[in-house]
Amino acid sequence: MRTQVAIVGAGPAGLLLSHLLHRDGVESVVVETRSRSYVESRIRAGILEHSTVELLTSVGLGEQLTAEGDPHRGIYLQWPEERHHLDFVDLVGRGVTVYGQTALQADLGRARDAAGQEIHYEVADTALHDLGTEHPSVTFVDGAGNAQRLEADVVVGCDGSFGPSRAAVPEDRRRAWERTYPYSWLGILADVAPSTDELIYAWHPDGFALHSMRSAKVSRLYLQVPNGTDLAEWSDQRIWDALATRLGHGQGGWTLSPGPITERAVLPMRSFVSEPMRYGRLFLAGDAAHIVPPTGAKGLNLAVADVALLAPALVALLRRGDPTLADAYSTTALRRVWRCTHFSWWMTTMLHTSSDPFEAQLQRAQLEWVAASTAGQTGLAENYAGLPIGF
Ligand code: DHB
């Protein structure tokens, strides 16, 4: 097999890249170890930055998003006895859109079907070769058990933190930075109307809680829990009681409505950046190069921003022989990656309860400043609603 761009991974980064390349006349083949139904059902964050929505809409992926996405002006930031609304639209002129990654993945899948995109699901033993030459390739065993070699001009790793792409960069050519956090999230989906119009980010002595949503009938909520938490120890009742306490049920007349829990999982929290995002004819995008903790919902938006930079760079390289943008890709993308890495770390460490009483005092001082000061609010709003793609 031969193509121009071999894309490893059919998550949002891989499929969006194939979509953007196709629009500009560059062909690609995608390989994915998981099944299509697995990829389309995995639950991730659901907040799209302003520039993510603009990009998706401008490339013909906005139909469902416009019909079903839920525009939000801002968030509530709260701690016991206090709830403050931050209005991003007033502060920085742009808001965010609530739209689940599962919905976006389905939109991308439909668009790729319509274009006749070649995607190999459920492949095994994916390996990347000759990345330091102009003739790289990807080998894999296809779903029928046949060994395949995909020759390409460029390979793009969109295969997340556990895929083979990052590891294909020689160890002496890459450097990584990492922070693990001493807590996790217990996330639930529930068939109940959200109890709030805007997301609530709540600091509480028992631990952080977040009230998010997916639609008028589905709520998404999270609780800070210790690392190693066993879901079996969290009955539905215990989950709803903890959410009610931390989110301030009963305060100022606000109530939290519980409902049937349809999905639950414990999510680890990690910051990770691997540099550079390019080695020879291999480019990395999304979680293959960087992981953010979920607070602030930057993971998907960062993946989209990477691909938005990478697609025109590959078009210039492969159609016009112009390497300028491809050569700048890693440096340009990493500027935004580190900005979002800082923002996610800042939101995480401001809101999660730690065992250090001094830190707890600093968190309160920080929260009070952010909520009370226009400068503080604006800093949060600018980062949360998202910086321009080319930042
Ligand atoms: C969601 C996840 C987040 O990490 C966040 O900061 C906001 C919302 C979500 O899943 O809806």
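This is a predicted model: local features need pLDDT of at least 70, side-chain atom pairs count only at pLDDT 80 or more; totals for chains, interfaces and linings use all residues.
Biologist: How many disulfides does the count come to, and why?

Modeller: A disulfide is a covalent bond between the sulfur atoms of two cysteines. The sulfur of cysteine 158 has its closest cysteine sulfur in cysteine 340, at 17 Å, which is too far for a bond, and the cut-off for a disulfide is within 2.5 Å. Cysteine 340, for its part, is buried at 5% relative accessibility, and its closest cysteine sulfur is that of cysteine 158. By this rule the number of disulfides is zero.

Biologist: Which residue makes a polar contact with the side chain of arginine 336 through its own side chain?

Modeller: Arginine 336 is found in helix H10, which covers residues 324-351, and at 3% relative accessibility this arginine counts as buried. Leaving out residues up to four places away in sequence, arginine 336 touches Glu49, Ser51, Leu302, Ala305, Leu387, Pro388, Ile389 and Phe391. The side-chain to side-chain polar contact, at 3.0 Å, is with glutamate 49.

Biologist: At what angle do H10 and helix H11 pack?

Modeller: The axes of H10 and H11, the latter being residues 357-372, lie 8 Å apart. The contact is made by Trp346, Thr349, Met350 and Leu351 on the H10 side, and by Gln363, Gln366, Leu367 and Val370 on the H11 side. These residues divide into five nonpolar, three polar and no charged. The two helices pack at an angle of about 115 degrees.

Biologist: How far apart are the C-alpha atoms of leucine 380 and leucine 86?

Modeller: Leucine 380 lies in helix H12, residues 374-385, and is buried, with a relative accessible area of 0%. Setting aside neighbours within four places in sequence, leucine 380 is in contact with Ile75, Leu77, Leu86, Phe88, Phe343, Trp346, Met347, Met350 and Val370. Although leucine 380 and leucine 86 are 294 residues apart along the chain, their C-alpha atoms are separated by 8.8 Å.

Biologist: Which residues come nearest to the ligand?

Modeller: An oxygen atom of the ligand is 2.5 Å from an N or O atom in the side chain of serine 212, and a ligand oxygen is likewise 2.5 Å from an N or O atom in the side chain of tyrosine 222. For the side chain of arginine 214, the distance from a ligand oxygen to an N or O atom is 2.7 Å. Of the 15 residues around the ligand, those that come nearest are Tyr201, Ser212, Arg214, Tyr222 and Pro294.

Biologist: Is glycine 228 buried or exposed?

Modeller: Glycine 228 has its place in the loop between strand E16 (219-226) and helix H8 (236-247). Exposed means over 50% relative accessible area, so at 75% relative accessibility glycine 228 counts as exposed.

How values were computed. Residues are numbered from 1 along each chain as its sequence is written. Side-chain values use heavy atoms; hydrogens and water are left out. Helices (H or I, at least four residues) and strands (E, at least two) are DSSP runs, numbered from the N terminus. Buried means under 20% relative accessible area, exposed over 50%, partly exposed in between (1.4 Å probe, protein chains only). Contact means heavy atoms within 4.5 Å. A polar contact is a pair of N or O atoms within 3.5 Å; within protein, one must be able to donate a hydrogen and the other to accept it, and residues adjacent in sequence count only if both atoms are side-chain atoms. Axes are lines fitted to C-alpha atoms, for helices over the stretch in contact, and angles run from 0 to 180 degrees between N-to-C directions. Ala, Val, Leu, Ile, Met, Phe, Trp, Tyr, Cys and Pro count as nonpolar, Asp, Glu, Lys and Arg as charged, and the others, Gly among them, as polar. A residue is near a molecule or strand if one of its heavy atoms lies within 4 Å of it.
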